[in-house]
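Keep the viewer open as you read.

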Amino acid sequence: MNILRKNTILGCALLACSFLLAACSSTDDDSTTNVTYDKYMRGTLTPNADDYYVRGTTQYLTASGLTYPNDTVISYQWKINATSASSVWGQTVRYTFPETASTFSISLAALGEKYYSTSVSKTGTLIGATFAETLQGIAAGSTFTDTRDNQVYQYASIGGLDWMTQNLNWAGAGKNYKNQSGYGIIYGRLYSWDEATSSTLTVCPEGWHVPTNADWEILGTALNNGTAITFTAQWPNLGSYASANATINGNRLWPYDPSNTKQNTEGWNALPGGKATVGNAFSDANKAGYWWSATEYTAGGEEAYYRYILSNNATFYFNYGDKDGLYMSVRCVK
């Protein structure tokens, strides 16, 4: 009797399972058999965050770069650890950087149902609101205020001329490196020669001007320990004498290289601000510095002189380039 009851129960259970399996394997809607999922997101996930931010400022950070799927499917997760690593969600987020930290890191993840997630991270530096607050290892010099925008510049008397000892950062012309304002605080803006020397647009503060080749020769002679030197010489060793071994939060702006000892003998504070070309092609920040002369290569021609310093060479070079197509730093003099 017990065996019969057990067999009966087992048979009923098997019958029930067979019924359920049959029900699961058949459906009136066969649309799911034609659906395929692209499991991988396409494009390059990019946090549109700058390399430098001023401490204590509030900024908007935006995720971009993914081309598939669309943004209605994706959720964006940020972790910004200038102060903590708590998560913030959204394609665009608002974040206030702390007053005291020196660096920050950003981790950004894109997540979507039925898609593999993708992520990216970057690091950046927090800086002060001015050149003097931000850099260490520069010669301080005297200061004056540009009345146009109330920016305070440092300058020094070198060879009988007053030279600005930081690059011009007037926003009425030119562009910031990588179009980021933090680079302007450190390196100043980049200007085309046409902008820098325009008769209708005065980029230098009142009483100051873009240096001519003759002005540059006075600087070169001072750097050369009083021995006269012409502009159209390559000025061996003087690049090292003009360069400042500046740091931000202990990190070098010029990379270390024994070929350029960065002695900054006259306090000119040369820094590697890089250059740009038409179309926003930026290059050489933290590798080289370039400065315009007001003197044309050929009067009325398309090129003008400039000087430059490389991180791995002690020479203060000269060259000439496109007056409208190159964007480089400007040092004003009077």
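A salt bridge here is a side-chain nitrogen of Lys or Arg within 4 Å of a carboxyl oxygen of Asp or Glu. This is a predicted model, where local features need pLDDT of at least 70, side-chain atom pairs count only at pLDDT 80 or more, and totals for chains, interfaces and linings use all residues. Residues are numbered from 1 along each chain as its sequence is written, and side-chain values use heavy atoms, leaving out hydrogens and water.

By this rule there are five salt bridges. One of them joins K178 to D51, with the closest N and O atoms 2.7 Å apart. K178 sits in the loop between β11 (161-164) and α3 (181-187), and D51 in the loop between β1 (42-47) and β2 (52-54), so the pair ties together parts that are 127 residues apart in sequence. (Helices, H or I of at least four residues, and strands, E of at least two, are DSSP runs numbered from the N terminus.) D51 is buried at 17% relative accessible area, while K178 is partly exposed at 37%; buried means under 20%, exposed over 50%, and partly exposed in between, using a 1.4 Å probe and protein chains only.

Now turn to D284 and K275, whose side chains meet in a salt bridge of 2.8 Å, N to O. D284 is partly exposed at 22% relative accessibility, and K275 is buried at 18%.

Strand β14 (residues 273-277) pairs with β15 in the antiparallel sense over four bridges; pairing requires that DSSP finds at least two bridges between two strands. Here G273 stands opposite A285 in β15. The open sheet has three strands in the order β15-β14-β19, with β15 (281-285) and β19 (326-327) as its edges.
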